[in-house]
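Student: Could we go through this structure together, and could you tell me each time what a term rests on?
Tutor: Gladly; let us look at it first and then take the terms one by one.
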Amino acid sequence: GGWVLLQNCHLGLDFMDELLETLLTAEIQNDTFRVWITTEQHLKFPITLLQIAIKFTNEPPQGIRAGLKRTFSGISQDLLNVSNLPMWKPLLYTVAFLHSTVQERRKFGPLGWNIPYEFNSADFTASVQFIQNHLKKIDIRKGISWNTVRYMIGEVQYGGRVTDDYDKRLLNCFARVWFNESMFDSAFCFYTGYKIPVCKTLEQYFDYIQLLPAMDSPEVFGLHPNADITYQKNTSADVLDTITNIQPKESGGGSGETRESVVYRSAEDMLEKLPPDYVKARLVKMGALNSMNIFLRQEIDRMQKVITVVRTSLNDLKLAIEGTIVMSEANALDNMYDARIPQVWRRVSWESSTLGFWFTELLDRNAQLSSWIFHGRPKVFWITGFFNPQGFLTAMKQEATRAHKDWALDKVAVHNDVLKLTRDEITAPPSEGVYIYGLYLEGAGWDKRRSILVESTPKILFVQLPVLHMFA
């Protein structure tokens, strides 16, 4: 009649089959017996076990109000009264507010954090414990050592999880702005309308938290209002994706065009536009050992692979629709009908929002590589059209190092200048380095006149940068 808890079951997948067998064959006498298992998402997890189980997930609450409610429901009145110092309760509330903020920023993707971290209640508990200990030891005349508090929160308790330098900078910025003497000032607020309440009991805190807005502006978390558009857009895309995935896939017997004929026409159209295979002999003429040409060869190899995969799968799909061969490309048929990129193509290529955009990009990328082979180096490179842009910059570095006989490669760094010109205004390549275009800014705007970053313009999510001069 007891409970069994098996943790981290994604690490013991072989045993899961055995567990399923045991559960289905054992005669369990007592109704109160339960098996609890905890697991991460895993593609190879036995589906039958999932189907007979009741699934339970513990999601972080949405919004500051819900986050603070969850945090304060884990706090007891004894913890509130643990210290008589006037600084204790405001500090406790501020750590709770920071805890909700760091979790809430995750929903904004790379705008919130470069890497999505798993902040959890242990970080909050450890920070509160540290502040409690710190207040016990302080000299009342000298007051709180803010540097210590900020270091412990920004570098150790929450910062201990953070692996990215820019994320660490952001976290320390929150610690610097919120944890200082001015937080005890009655005028202090995290953002308009979000103050630190002066309360004595847990009930008073809950009453105050209940008065906070149900929906928060991204500015509460230090983000531009545009961040909310990005978040809403991603959420609705996820919902629509799910709906498309679970729609029935069989062709209906209506008078309209069938799925198969739509996809067949689309496949024929693509095959017509698909570029021919590359001729490698041209590369030998250009000088096979030049570092830029080595990079070009690698790009062409990958591009050739994409073209071959697309051609083969489209031809197979056509034959399958005609009934000449067995339909092994059912997934490709569904994806093409829904204007999504077939899995086989995506594996060898790049991410894109729809099939149309993806195919246009294939033609554009191919055009850049072909013109480089047949008409010489471009004056300005479309850097986002390469599979390995990092490799392109490395090749440029090697080229510069070879041009200066006394330079050592490991002492050469890449620099860049943002020019005031657009791609069409470039008439000649630079004397050293390369001109590149095709980069966009998200989360900021660009002032062309002064060549500096500025705040985003409302409702404009992406800004194209002018041409950059990259040199070593």
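Tutor: This is a predicted model, and we can begin with residues 88-227, where the chain is 51% helix and 4% strand and the end C-alpha atoms are 34 Å apart. The UniProt record, in an unreviewed entry, places the feature "domain: Dynein heavy chain AAA lid" at residues 88-227.

Student: What makes the chain more spread out than a compact globule?
Tutor: The chain has 17 helices and twelve strands. Its radius of gyration is 29 Å, whereas the globule rule gives 23 Å for 472 residues, and because the value is well over that of the rule, the chain is described as more spread out than a compact globule. Along the principal axes, its C-alpha atoms fill a box of roughly 80 × 70 × 45 Å.

Student: Why is T125 called partly exposed?
Tutor: T125, which has its place in helix 6, has a relative accessibility of 49%. Buried would need a value under 20% and exposed a value over 50%, so T125 at 49% counts as partly exposed.

Student: How do you know that the buried residues of helix 7 line one face of the helix?
Tutor: In helix 7, which covers residues 146-157, the buried residues are W146, V149, I153, G154 and Q157. Seen down the axis of helix 7, these buried residues fall within an arc of 135°, and therefore they line one face of the helix. They pack against helix 5 (88-104), helix 6 (121-137) and helix 8 (165-178).

Student: Which residues touch the most other members of the largest nonpolar core?
Tutor: That core has 51 residues, and those touching the most other members are L68, F72, L91, Y93, F97, Y158 and F179. The elements that give two or more residues to this core are helix 3 (64-73), helix 5, helix 6, helix 7, helix 8, helix 9 (202-210) and helix 10 (226-245). Helix 5 gives the most, with nine residues. Apart from this core lies another, of 45 residues, among them V306, L333, A395 and I436.

Student: What does Y93 touch, if residues up to four places away in sequence are not counted?
Tutor: Y93 touches L68 and F72, and also F190, K195, I196, P197, Y205, Y208 and L212; a contact here requires heavy atoms within 4.5 Å.

Student: How much of the chain is buried?
Tutor: Buried residues, those under 20% relative accessible area, make up 38% of the 472 residues in the chain.

Notes
Residues numbered from 1 in each chain as written. Predicted model: local features only at pLDDT ≥ 70, side-chain atom pairs only at ≥ 80, totals over all residues. Heavy atoms only, no water. Buried < 20%, exposed > 50% of the residue type's maximum accessible area, 1.4 Å probe, protein only. Arc of directions from axis to C-beta. Core = buried A, V, L, I, M, F, W, Y, C linked by side-chain atoms within 4.5 Å. UniProt positions renumbered as here; feature names shortened; annotations may be inferred. Rg over C-alpha atoms; globule rule 2.2 N^0.38 Å.
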